[in-house]
Amino acid sequence: MKPLVLASSLLAFLLLNGCSEEKKAEVPAPYALTEEAMGRYCGMNVLEHAGPKGQIILEQIPEPIWFSTARDALAFTMLPEEPKDIAAIYVSDMAKAPNWDAPGAENWVDARKAFFVIGSSARGGMGSEETVPFSTEAAAKEFAQKNGGRIVRFNEVPQDYVLGNGTDEKGQNNG
């Protein structure tokens, strides 16, 4: 009897653990940018703005929230009034972008894995300072050498830079 109970317990554990692992692994894929994409904060067509774009997919909503800039996508994650049930955050991979004015419709990188250049001379949509995302550190370094700025990871982007006037928490102007 004991071997049967032990085997049943082990099977139940494996099944439950397998389900939770499957659920964690289910990160939604990015959506292709289309002409119908409207920016969350500006209400304008995302394609009307130069520079990297962003999209956030919430756990309970199966369509992306679009952002005219990568910086706006990061702002969404920092603002207390925005939903926190984020399933995925994608930003334009500028390492694979055709050019600044047309950053591409399908070259997305997970924002949590990206290398961001902040404080560069490059300006995003509406002329704002930008968090310029890259899938590789080498591409970010090359961009920073040409345009200035410094490289940070997702969790290192200063909140003051994203939500403020481009000055980080140390009072350094990053623009």
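Okay, some ground rules. We're looking at a predicted model, where local features need pLDDT of at least 70, side-chain atom pairs count only at pLDDT 80 or more, and totals for chains, interfaces and linings use all residues. Numbering starts from 1 along each chain as its sequence is written, and side-chain values use heavy atoms, with hydrogens and water left out.

So, the sheet. It's an open one of 3 strands, in the order S6-S5-S7, with antiparallel pairing (strands are DSSP E runs of at least two residues, helices H or I runs of at least four, numbered from the N terminus; two strands pair if DSSP finds at least two bridges between them). S6 and S7 are the edge strands, each pairing on one side only. From one strand to the next, the twist averages 35° (axes are lines fitted to C-alpha atoms, for helices over the stretch in contact, with angles from 0 to 180 degrees between N-to-C directions). Between S5 and S7 there are 4 bridges, and Ile 118 sits opposite Arg 150 in S7.

Now H3, residues 137-147. Which of its residues are buried? Ala 139, Ala 140, Phe 143 and Ala 144 (buried is under 20% relative accessible area, exposed over 50%, partly exposed in between, with a 1.4 Å probe and protein chains only). Those four lie on the same side of H3, because they cover an arc of only 135° around the axis, taken from the directions from the helix axis to the C-beta atoms. On the other side, Ala 138, Gln 145 and Lys 146 are exposed.

What covers the buried residues includes S5, S6 and S7 (contact is heavy atoms within 4.5 Å). After H3 comes Gly 148, with a positive phi near 80°.
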